[in-house]
Structure formats: structure tokens, C-alpha cells
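Hi,

Here is the structure I said I would pass on. Have a look first, and then read my notes below.

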Amino acid sequence: MTFTRHSVSFLGLGDMGSVLARTAMNAGHPTLVWNRTAARTAALVEEGATAAADPAQALDADLIVVCLFDQASVHEVLDPVVHRLAGRRLVNLTTTSPNGARELARWAASHGAEYLDGGIMATPEMIATPQSAILYSGSATAFEEHRELLELWGATEFFGDDVKTGLRVAGV
């Protein structure tokens with residue numbers, strides 16, 4: 001089986017976003033990184049990632065991974081460039097409530113983006129180890145298209161199109 005190397009961008013390079021980006025980059029995926037504090041991109045750029053000048057440029061990838069502080073920060077970063085989301089695939093790994101995730105899914109869909117929501121069941125140190133698991137819900141198409149990449153970060157489980165249902169099923 002051939003491994004598909006999709007380009008992937010990361011918006012948010014805190015502890016979790018950085019390790020997710022590094023894992024994708026080390027697996028050979030062209031990686032674009034952006035953070036509100038530009039200095040946080042330096043280490044990843046030194047290792048081979050490309051820094052995006054702004055969130056709009058960070059949307060130029062096959063898959064856009066958002067790992068920000070909360071639901072409000074997702075809107076703060078993406079609302080100004082929302083017109084560029086049409087036809088994109090967006091994975092939100094930001095901590096949100098089930099209702100917040102559903103709102104983001106509706107918002108993304110209203111702007112023509114496919115939305116996949118993930119609940120990370122690991123600390124940054126556990127990413128890419130057998131102890132890491134990420135539960136997904138949302139776009140089955142986005143999940144299947146990018147499954148190989150998503151599985152780099154840990155065990156994956158897809159719970160269907162109702163965003164955040166998977167977390168309720170798993171008892172989170």
C-alpha cells in the first residue's frame with residue numbers, strides 16, 4: 001500500500017500543536033505552520049516546516065489542522081479568512097464543548113468546508129505512541145481521505161457525522 005503524503009497546515013503551535021506538526025513533518029508530509037506568536041514556528045521551520053505569514057496563507061494545504069485555545073480563538077483566527085475555507089478540509093483539535101463543536105461544524109459547512117472534530121485522549125508526550133488515541137466525528141470523507149495521517153498521532157476511532165457524539169459514546 002502506498003502512503004499518500006498530503007500537505008498539512010497547523011494553526012496553533014502550543015505543546016500539542018507542535019508535536020502533531022512535528023509528527024506529520026517527520027512522516028514526510030509537507031507541513032505549513034502558523035502561530036499567533038511567530039517565534040513559536042522557529043523550531044519547526046528549522047526542522048523543515050514552512051512558516052505561513054498569516055492564517056490565510058496557512059489555509060494553502062490539503063488538510064488544515066486547528067489546535068488553538070478554545071472555540072472563540074478558532075473564530076478569532078479563522079473568521080477574517082473564512083472566505084478561503086470553501087473546498088477545504090478542516091480538522092479541529094481545539095478543546096470545545098459538544099455544542100461548541102457542533103457550532104463550528106455548522107459554521108465550517110456554511111462556508112463550504114468539510115469539518116472533522118477530534119478529541120485527543122493523550123498528553124503531548126504520548127502522541128505517536130500506543131497510549132495515544134484520538135476520537136473523531138464529522139466528515140467521513142475527510143476522515144477516510146486523511147486516515148493515514150491521523151493514525152500517525154495515535155489510535156483513531158470514527159464515530160459518525162454528529163460532531164462530538166464520539167466523546168459522549170466514549171464517556172468523555
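Predicted model: local features only at pLDDT ≥ 70, side-chain atom pairs only at ≥ 80, totals over all residues.

First, the helices. The axes of α4 (residues 71-78) and α5 (residues 98-110) come within 10 Å and cross at roughly 20°. Anything under 35 degrees counts as roughly parallel, so that is what α4 and α5 are to each other. On the α4 side, the residues that meet α5 are Gln71, Val74, His75 and Leu78, and their partners in α5 are Gly100, Glu103, Leu104 and Trp107. Sorted by class, the contact of α4 with α5 has four nonpolar residues, three polar and one charged.

Next, Asp117, which sits in strand β6 (residues 114-120). Asp117 counts as buried because its relative accessibility is 2%. Its side chain makes a polar contact with the side chain of Asn92, at 3.3 Å.

Then the rings. The count comes to three aromatic pairs. One of them is Tyr136 with Phe143, a tilted pair at 5.6 Å centre to centre with 50° between the planes. Phe143 also pairs with Phe158: the centres are 4.9 Å apart and the planes at 25°, so this pair is stacked. Phe143 lies in helix α6 (residues 140-145) and Phe158 in strand β8 (residues 155-158), so the pair ties together parts 15 residues apart in sequence.

Cheers

Technical notes
Residues numbered from 1 in each chain as written. Heavy atoms only, no water. Axes fitted to C-alpha atoms, helices over the stretch in contact; angles between N-to-C directions. Helix = DSSP H or I, 4+ residues; strand = E, 2+ residues; numbered from the N terminus. Parallel < 35°, antiparallel > 145°, perpendicular 65-115°, else oblique. Contact = heavy atoms within 4.5 Å. Nonpolar A, V, L, I, M, F, W, Y, C, P; charged D, E, K, R; others polar. Buried < 20%, exposed > 50% of the residue type's maximum accessible area, 1.4 Å probe, protein only. Polar contact = N/O pair within 3.5 Å; in protein donor to acceptor, adjacent residues only side chain to side chain. Phe/Tyr/Trp six-rings, centres within 6.5 Å; stacked < 30°, edge-to-face > 60°.
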